[in-house]
Amino acid sequence: MNKSRLFLISLLGGVLLSLAWWGLHFAPVMLVAFVPFLVVEEYLSRNLPKKKPTTWKVFLYCYLPFLIWNFTTTYWVAYSTPLAIALPFVQAALMALVMQLAHYCKRSFAPNKEWGNIFFALFFLAFEYLHLHWDINFPWLNLGNSFAKYPCLVQWYEYTGVAGGTLWIWLCNMAVFELVCCFVFESKKSLGRRHRNMHLALATTVVLVPCIISLIRWFSFKEEDNKAVQVVVVQPNLDPYSDQYDFSPRQVCDRVIELAQQKADSNTDYIVCPESCLQDYAWEHNLEGSKSISYLREFENQYPKAEIIAGMSSRRLLPYGVKTKAARSFADNPYMFYESCNIAIKIDRDTTAPQSNLRHKSVLTPFVEKMPFKSVLGFLGDLALDLGGTVGTLGSDPEAIVFSSQGKPKTAAAICYESTDGQYIGEFVAKGAELIFIITNDGWWKDTPGHRQHAAFASLRAIETRRPIARSANTGISCFVSPRGEQSDRTAYWQQAVIKQELVPQKALTFYVRHGDYIYRASAFFAVMFFLLSFVISKLRKADKLKIQPK
């Protein structure tokens, strides 16, 4: 097989991955999308002498296909910050490196053995875990997310989270790959029909059994029979590139109130508004100085049960002399610092806003709300997009904070990018949240696949936690999500809208909420262990080779 043919086969993998993620409508393609990469890697392994050190050919053959996938799937991120232009190139390099490291371990422990491909699953899971826990946290393309529009097929995420989906995708690809090997590689063609039938049965089982289990759970799942609450979701449709700067805070509130009045009544419990809806930039120690909060409280008091939850840009004063990573100094006092913050606030009926009734966004968007590796890349800060006055690294909370009110269920208000992290959302639920509100502003990405993918991810958070979700997106898509991940009342993009639904709070904790990303943690541990062992083995082999050479 010549280099051109190998290159075309690897490109096929990039095309399949792009197809699976384009609108997430063809997610089942993910179950075979990595087969071309495994075919190329297998051919390279078979044609390298066993004692020859591994080369970087796997990386080279994988980089361009992964670049195609990343670019076609996440190009829209560049609308939010010019720095994101480099994201597909960096992502593709990291993914190709993952494949190279897995190839390295496979050659050390299991050359030409079927089970050796498990290293690809192991290292990809470790890579996804890294993407949740380092400065450039971008879990958007974690493989398990691809089934967000097929909630009926991944109901078992309540036990495994998205990591279980990634593992399933790799196991399916491995099983299908072994079946393909029976027709591609000469050494396996001679094994006969019985061997091919065995691999066909294995591939069918790995693909279908999780789907069948999920469908059974889909049709048998029943919500807890608790008292329902009425939720009104507002979609004001403020253009983040103009309206949020040109409109006064009063004009923004007028639009929110005008929309909310269309659905709110005496039975309304919550009115949910999107991220950064209130643009007073109020100081948190004096939130009553915010005209937006005062104005919305007046409106709220017209309804006997209603509470308003909204996103807001704020400033938090730090104690004298204290300086954090997000600290900004006062021009007239270099020893006094404050933080700009992106918060969710629950507006109470009284004239105070306790600290427990506001929370700061903690899962921050890289290069937009935080500068990764600030000591090295801090000079790039001026290239970040000004998100309504919150440019640069923002202040955050060290842990998830839930909202509570007497006589009402505890609620979680996840802000935008936080909804991409399943374990973080699970922390709200572990602390008692019975309902989840996702408030977001996806208008920065314009009418691209980005906002549709983001909306779809809400279904996965609902399955993982078995909590109903109300999603308020500034420019859309706003919707409600049932605990089994089914979306309803979806609004159109770039239109003013308001929707209302009764949601039933849930109290039971799923296995995933109790244990978090245990699959990711275990994979990261074993990936590091096997890589270190592979390194030691290669050094020992090299030493032995030097010993037996004649003097």
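Modeller: Let's begin with pairing: two strands count as paired if DSSP finds at least two bridges between them. Strands (E, at least two residues) and helices (H or I, at least four) are DSSP runs, numbered from the N terminus. What you see is a predicted model, where local features need pLDDT of at least 70 and side-chain atom pairs count only at pLDDT 80 or more, while totals for chains, interfaces and linings use all residues. Residues are numbered from 1 along each chain as its sequence is written, and side-chain values use heavy atoms, with hydrogens and water left out.

Start at strand S2 (residues 268–272). Strand S1 (residues 229–235) runs parallel to S2, and four bridges join them. To find this pairing on screen, look for valine 232, which stands opposite isoleucine 271 in S2. S2 is also joined to strand S4 (residues 307–317), again in parallel, by three bridges. Here tyrosine 270 stands opposite glutamate 307 in S4, and valine 272 has isoleucine 309 of S4 as its bridge partner.

Now move on to strand S3 (residues 278–283). S3 pairs with S4 in the parallel sense, over three bridges. In general, the strands of a sheet pair through backbone hydrogen bonds, either parallel or antiparallel.

How much of these strands is covered? A residue is called buried under 20% relative accessible area, exposed over 50%, and partly exposed in between (1.4 Å probe, protein chains only). Five of the five residues of S2 are buried, so this strand is largely enclosed by the rest of the structure. S4 is mostly covered too, with nine of its eleven residues buried.

Proline 505 lies between strand S13 (497–503) and helix H16 (511–515), and counts as buried because its relative accessibility is 4%. Its contacts (heavy atoms within 4.5 Å), leaving aside neighbours within four places in sequence, are Asn226, Lys227, Ala228, Val229, Pro409, Glu434 and Leu435. Histidine 515 is ten residues along the chain from proline 505, and their C-alpha atoms are 21 Å apart.

There is another sheet to compare. It is open, with five strands in the order S8-S9-S10-S11-S12 and mixed pairing. Its edge strands, S8 (411–415) and S12 (487–488), each pair on one side only. S11 (residues 479–481) and S12 run antiparallel and are joined by two bridges, and phenylalanine 480 has serine 488 in S12 as its bridge partner. Helix H15 (residues 449–465) lies across S9 (435–440), S10 (469–473), S11 and S12, running at about 160 degrees to S10. That angle is taken between N-to-C directions, from 0 to 180 degrees, using axes fitted to C-alpha atoms, for helices over the stretch in contact.

Next, look at the aromatic rings. Rings of Phe, Tyr and Trp (its six-membered ring) pair if their centres lie within 6.5 Å; planes under 30 degrees apart count as stacked, over 60 as edge-to-face, and the rest as tilted. By this rule there are 37 aromatic pairs. One is phenylalanine 66 with tryptophan 69: their centres are 6.2 Å apart and their planes at 50 degrees, so the pair is tilted. These two residues are three apart in helix H3 (residues 57–74), which means about one helical turn separates them. An α-helix has 3.6 residues a turn, so residues three or four places apart point the same way. Phenylalanine 66 is buried, at 0% relative accessibility, and tryptophan 69 is buried at 0% as well.

Ten of the 13 residues of H5 are buried, including Phe120, Phe124 and Phe127.

Finally, histidine 199 sits in helix H9 (residues 193–220) and is buried at 3%. Not counting residues up to four places away in sequence, histidine 199 touches Glu114, Glu178, Leu179 and Cys182.
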